[in-house]
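Dear colleague,

Please take over the structure below. My notes on it follow directly after.

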Amino acid sequence: MKISLHKKKESDVHFEAENSLGHKIELYNSSAPNPQAPSPMELILMGTAGCSSIDIVHILKKQNLEIEDLDVEVEGFRKDTDPKIFHTIKLLVKLKGDIPANKARRAAQLSFEKYCSVSKMLDQTVDIQYKVELNGEVLE
């Protein structure tokens, strides 16, 4: 994997990153007035949600289970001292479809505890907590 990052000419806190396939994403300093793009820390949360979602969909599809919809809400909690790293990340995986509750729970468990590279990389220093909501009901 290789990424290049360039400062946008109009601002000292606005950047554009590009991967080797030419896909681009903008980044912005979240403490600057009127941020124009996600911050690097927000991208970490987005990456966690995206990585786990890819896993969950893959795991459920392998079991011939059809997902009508999937949304993930993520909240990151940071330390008050510098560097302001995440100490906790909470995720709510919202699934819709004809999916048995035990299969939905297991897919999330496998993702967060075994397969999601982002979660596994972060879990050495961050408390990653997740819940699964299936068809509007939070599973325990």
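Two strands are taken as paired if DSSP finds at least two bridges between them. Helices (H or I, at least four residues) and strands (E, at least two) are DSSP runs, numbered from the N terminus. The model is predicted: local features need pLDDT of at least 70 and side-chain atom pairs count only at pLDDT 80 or more, while totals for chains, interfaces and linings use all residues. Residues are numbered from 1 along each chain as its sequence is written, and side-chain values use heavy atoms, with hydrogens and water left out.

Sheet and helices

An open sheet of four strands runs in the order β4-β5-β6-β7, with mixed pairing. β4 (67-78) and β7 (137-138) are the edge strands; each has a single partner, so one side of each is left without a neighbour in the sheet. β5 (residues 86-97) and β6 (residues 127-134) run parallel and are joined by eight bridges. In this pair, Lys94 stands opposite Glu133 of β6.

Helix α2 (residues 101-115) packs on the sheet and touches β5 and β6, where contact means heavy atoms within 4.5 Å. The direction of α2 makes about 160° with that of β6. Axes are lines fitted to C-alpha atoms, for helices over the stretch in contact, and angles run from 0 to 180 degrees between N-to-C directions. Helix α1 (residues 40-62) lies across β4 and β5, at about 150° to β4.

Two loop residues

Asn64, in the loop between α1 and β4, has a positive phi near 60° although the residue is not glycine.

Domains

The chain is assigned domain 1 (1-38) and domain 2 (40-139); such bounds come from an automatic or database domain assignment. Their centres, taken over C-alpha atoms, are 25 Å apart. Five residues of domain 1 are in contact with four of domain 2.

About 390 Å² is buried between the two domains, 77% of it from carbon and sulfur atoms. Ile25, Leu27 and Pro38 supply 79% of the area that domain 1 buries against domain 2, more than any other three residues. Buried area here is the accessible area (1.4 Å probe) that two parts lose on being put together, summed over both.

Between domain 1 and domain 2 there are zero salt bridges (a side-chain nitrogen of Lys or Arg within 4 Å of a carboxyl oxygen of Asp or Glu).

Regards
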